Amino acid sequence: MTSRYRSTESTDAPSDRVDARAPRRRTVVKAAAATAVLAGPLAAALPARAADEAPAFLHGVASGDPLPDGVLLWTRVTPTADAIPGSGLGPDTEVEWIVARDKALTTVVAKGSVTATAASDHTVKADIRGLAPATDYWFRFSAGGTDSPVARTRTAPAADASVAGLRFGVASCANWEAGYFSSYRHLAARGDLDAWLHLGDYIYEYGTGEYGTRDTVVRQHAPTHEILTLADYRTRHGRYKTDPDLQALHAKAPVIAIWDDHEIANDAWSGGAENHTEGAEGTWTTRQAAAKQAYFEWMPVRPALAGTTYRRLRFGKLADLSLLDLRSFRSQQVSVGNGDVDDPDRTLTGRAQLDWLKAGLKSSDTTWRLVGNSVMISPFAIGSLSATLLKPLAELLGLPQEGLALNTDQWDGYTDDRREILAHLRANAIRNTVFLTGDIHMAWANDVPVDAGTYPLSASAATEFVVTSVTSDNLDDIVKVPEGTVSAIAAPVIKAANRHVHWVDTDRHGYGVLDITADRAQMDYYVVSSRTKADATSSWSRSYRTRSGTQKVERTYDPV
């Protein structure tokens, strides 16, 4: 495969010795549902297998968090027919792994083994080191005479390497029941990604039919009830990992993932969630711990701090990527119109994470500073919308339907944190900061003004590219009209009320491709033809870029 890093510096061959280191839009779930017999819904998560079959790799393989000298490899082995996700059943099983320079696995550079146990839901990770920077590798797992599929991964460039270009897929918000994950299939088919970013809502916690299906459950969750326990979260992750399009993307490029709320529960904050009823659904502490444990078991993520997804990766001298956790430390959301959104004692990031982000942005010596950001940082005022548009827009954004101007689950609800980070960028003349965002189920291209009330007189401190959802409800899905109908009316009104917004598409599903050079960072937005058809096609929609040094977004008329 042609190198996408195009590094100007040579690298040494890898070492042969590598270590493996190991809004209330729902029905309240009765307490009985959390303790129901698991056999039925668990079994529904996987294809039937004969009891005497050999171990199987039914959930694919994946890699993540690439470093210049290594990458994290992941798989889940099903050692026996009853050892399905969340069951707690199945024997300890030795899983071997191999890494090679070629797809045929003839030029082996590393190999080893790890043990899959019921304690980790038979998921395994191998943190491979000693690899060469900016290099494609292929890997495979084996257990009991059965081989997994062979997958490609890629290391990051050396920290001091001059890198001509980077290309990342970007996705968020994939509701299993709403449709098929065609966006993942089309990203996998490209063959030119250095890595792909998942910006949150990789899974959804709701029970069947409780969220965002446009009155049609395309394919049913497992378990069918809202997930509350460790077994539930494991089962739901297992269901997602059976998707062939998701498996294909994981097999083509390393993922760099953060969580948002639905990996735990809707509108999660440090002490609870909108979609959590204390007592009837157990304690928040127990539920959150279960969700996080399952996430780290099932995702190839290497946390820098236990229990969080905030960390930083570097891609040569061209870019670094600060990844945020905007759920674990935040204060509870306040009601819209409440002056508490400006309260300096309330926080979205938590003090330690905000200081870490500020320090990293200030000390960065790369051309671009990327921030993986799960909720939109750009200010957003609804302005004056007609009642027919205001009601569904309010529902989508979690706003009261009388239409006040803030979505307090976003940075709009924590304005002191936003003011501090944007003032920091301005005071320290930190250029080329690009926020990469999911969550809102719409595509946006924004300047991030220091003061939205006076923009464009106020300077722009950064830029933001927001990707739409893979399948989760857009505005047209809520209104139940053909896609494009609502956006044609709502987008001009939203832009008029928010002059820093260059573009918004409220209606389509898809993904983004971020291409970075020293001169510009460009997001190409792609849309899929249907979320309910497994063979949906993909087409380019629009492209926006920010030129180095400008802190402004501009439209460009061709994808890279």
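## Talking through a predicted protein model

Modeller: Glad to go through this predicted model with you: the protein averages a pLDDT of 89, and 86% of the residues score at least 70, pLDDT being the predictor's confidence in each residue, from 0 to 100. Residues are numbered from 1 along each chain as its sequence is written. Local features need pLDDT of at least 70 and side-chain atom pairs 80 or more, while totals for chains, interfaces and linings use all residues, and side-chain values use heavy atoms, leaving out hydrogens and water.

Colleague: Thanks! Which element of the protein has the lowest mean pLDDT?

Modeller: Elements here are DSSP runs numbered from the N terminus: helices (H or I, at least four residues) and strands (E, at least two). Strand β11 (residues 255-257) has the highest mean, 99. Where pLDDT is low, the predicted coordinates should not be read in detail. The lowest mean, 33, belongs to helix α1 (residues 31-34).

Colleague: Is S374 buried or exposed?

Modeller: S374 sits in the loop between β16 (368-373) and α8 (387-397). Buried means under 20% relative accessible area, exposed over 50%, and partly exposed in between (1.4 Å probe, protein chains only). Because the relative accessible area of S374 is 0%, the residue is buried.

Colleague: Which backbone oxygen does the side chain of T93 reach?

Modeller: T93 is found in strand β3 (residues 93-100). T93 counts as buried because its relative accessibility is 9%. At 3.0 Å, its side chain reaches the backbone oxygen of P91.

Colleague: What is the omega of the cis peptide bond that joins Y455 and P456?

Modeller: Most residues other than glycine have a negative phi, and most peptide bonds are trans. P456 lies in the loop between β18 (443-449) and β19 (460-466). For the cis bond from Y455 to P456, omega is about 15°.

Colleague: Last one: what is the phi of D65?

Modeller: D65 belongs to strand β1 (residues 61-67). With a relative accessible area of 0%, D65 is buried. Its phi is positive, in a residue other than glycine, and lies near 45°.

How values were computed
A polar contact is a pair of N or O atoms within 3.5 Å; within protein, one must be able to donate a hydrogen and the other to accept it, and residues adjacent in sequence count only if both atoms are side-chain atoms.
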